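This briefing sets out selected features of one chain for computational work.

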Amino acid sequence: MTAPLARWVLALLVVMFAAPVADAQRAPYRERGGSYQAGQFDYYLLALSWSPTYCAGLTDGRTDPQCHGSTARPYGFVLHGLWPQFERGWPQYCRSPDRGYVPRPVARRMLDIMPSDKLIFNEYRKHGTCAGLGVDGYFDLARRLYEKVKIPRRFQRVTDDRLIVDRDQVIEDFLSANPQLKPDMLVVTCGGPGNRLREVRICFDRGGNFRHCGPNENQRKLCSADRLYVPPVRGGSGPGPAPYGERPPRPAQDILPGPTERRL
């Protein structure tokens, strides 16, 4: 083997064996810092989470002030987050001068609609940094858009532990309560025992006006069930709602068929 050829083979072997080592030492995405540019996105998505469904899912011994303790409020829809979106895909963990830090006073003033410090901190690091508004501007806008959405009467102080609604009826209720909304501006998400209502997601343009959602919000993928179980709020006065972390009073299959099933 000639000297030039030997050097070429040696260089190739070095590259082949070094690449896996470099990949193995590469830090996870969030530790490396976001590769997305803050302020570069197409629209916002406001995610309203049905708190009783979240709380019912805490079945592994975890507790959350949103769900447990004498000071927990009877939360219905709470603000999960305000997410900058591309028409396809979304940015996350963007580089920010504040490094995703949320001052305690800012977090405290959001607790009435985002009832968890952990939720507030995580949402800003993952999504808020990509808005390019700074921590105060981001949470001020999140509150303004949250308060712009009127919650339908059906979902105010739910106490009926047998409440089942059509998915399309949830959408119709929000359209009726918010005349500026159109059907392509919101989606419903569901899952868990009995196809529980999880979230209603509503899209806004960068100026804070309702707008159509992008392909990210595919209704069939986010909730293919026709009918949804709506767990009651904490402290409801109905006929004995199940404690958080438990299934509905009857087995889920007796309440509602699965996503691909249909009742005769």
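Strand β2 is largely enclosed by the rest of the structure, because 8 of its 9 residues are buried. The model is a predicted one. Strand β5 is likewise largely enclosed, since 8 of its 9 residues are buried. In the chain as a whole, buried residues account for 44% of the 264 residues.

**Strand pairing**

- Strands β1 and β2 pair in the antiparallel sense, over 8 bridges.
- Within this part of the structure, Tyr43 has Gln85 in β2 as its bridge partner.
- Strand β1 is also joined to β5, by 6 bridges, and these two strands run antiparallel.
- Leu45 stands opposite Cys203 in β5.
- A further antiparallel pairing, over 6 bridges, links β4 and β5.
- In that pairing, Thr189 has Glu199 in β5 as its bridge partner.

- Thr189 belongs to strand β4.
- With a relative accessible area of 6%, Thr189 falls under the 20% limit and is therefore buried.
- When residues up to four places away in sequence are not counted, Thr189 touches Arg196, Leu197, Arg198, Glu199, Arg201, Leu222 and Cys223.

**Nonpolar cores**

- In soluble globular proteins, nonpolar side chains tend to be buried together.
- The largest nonpolar core in this model holds 50 residues, and those with the most contacts inside it are Val102, Phe139, Phe174, Ile202 and Leu228.
- Two or more residues of this core come from each of β1 (43–50), β2 (77–85), α4 (104–110), α5, α6 (134–148), α7 (167–177), β4 (186–191) and β5 (196–204).
- Helix α6 supplies the largest share of this core, with 7 residues.
- Another core, of 6 residues, lies apart from the largest one, and Tyr43, Leu45, Ala47 and Trp83 are among its members.
- Val102, leaving aside its neighbours within four places in sequence, is in contact with Ala107, Ile120, Phe121, Tyr124, Val135 and Phe139.

**Helix α5 and the buried Glu123**

- Which residues of α5 are buried? They are Leu119, Ile120, Phe121, Glu123 and Tyr124.
- The cover over the buried residues of α5 includes β2, α4 and α6.
- Glu123 lies in this helix, which spans residues 117–126.
- Although buried, Glu123 has no salt bridge, and the nearest side chain of opposite charge, that of Lys126, is 6.8 Å away.
- Apart from neighbours within four places in sequence, Glu123 is in contact with His80, Gly81, Leu82, Trp83, Met114, Gly128 and Tyr138.

**Lys126**

- Lys126 is also found in helix α5.
- Its relative accessible area of 29% lies between the 20% and 50% limits, so Lys126 is partly exposed.
- Lys126 touches Pro91, Gln92 and Tyr93, not counting residues up to four places away in sequence.
- The C-alpha atoms of Lys126 and Tyr93 are separated by 4.5 Å, while the two residues are 33 apart along the chain.

**Positive phi angles**

- Arg99 has a phi near 55°, a positive value in a residue other than glycine.
- Arg99 is located in the loop between β2 and α4.
- Arg99 counts as exposed because its relative accessibility is 77%, over the 50% limit.
- Asn195 also has a positive phi, of about 55°, although it is not a glycine.
- Asn195 is placed in the loop between β4 and β5.
- Asn195 is buried, with a relative accessible area of 8%.
- In the hairpin of β4 and β5, which has 4 residues between the strands, Gly192 takes a positive phi near 80°.

**Chain-level values**

- The chain contains 9 helices and 6 strands.
- Among contacts between residues at least 6 apart in sequence, 76% join residues at least 24 apart.
- The accessible surface of the chain comes to about 14,400 Å², and 52% of it belongs to carbon and sulfur atoms.

Notes: Residues numbered from 1 in each chain as written. Predicted model: local features only at pLDDT ≥ 70, side-chain atom pairs only at ≥ 80, totals over all residues. Heavy atoms only, no water. Buried < 20%, exposed > 50% of the residue type's maximum accessible area, 1.4 Å probe, protein only. Lys, Arg positive; Asp, Glu negative; His and termini not counted. Salt bridge = Lys/Arg side-chain N within 4 Å of Asp/Glu carboxyl O. Contact = heavy atoms within 4.5 Å. Core = buried A, V, L, I, M, F, W, Y, C linked by side-chain atoms within 4.5 Å. Areas by Shrake-Rupley, 256 points an atom, 1.4 Å probe, with all protein chains shown as cover. Pairing = 2+ DSSP bridges.
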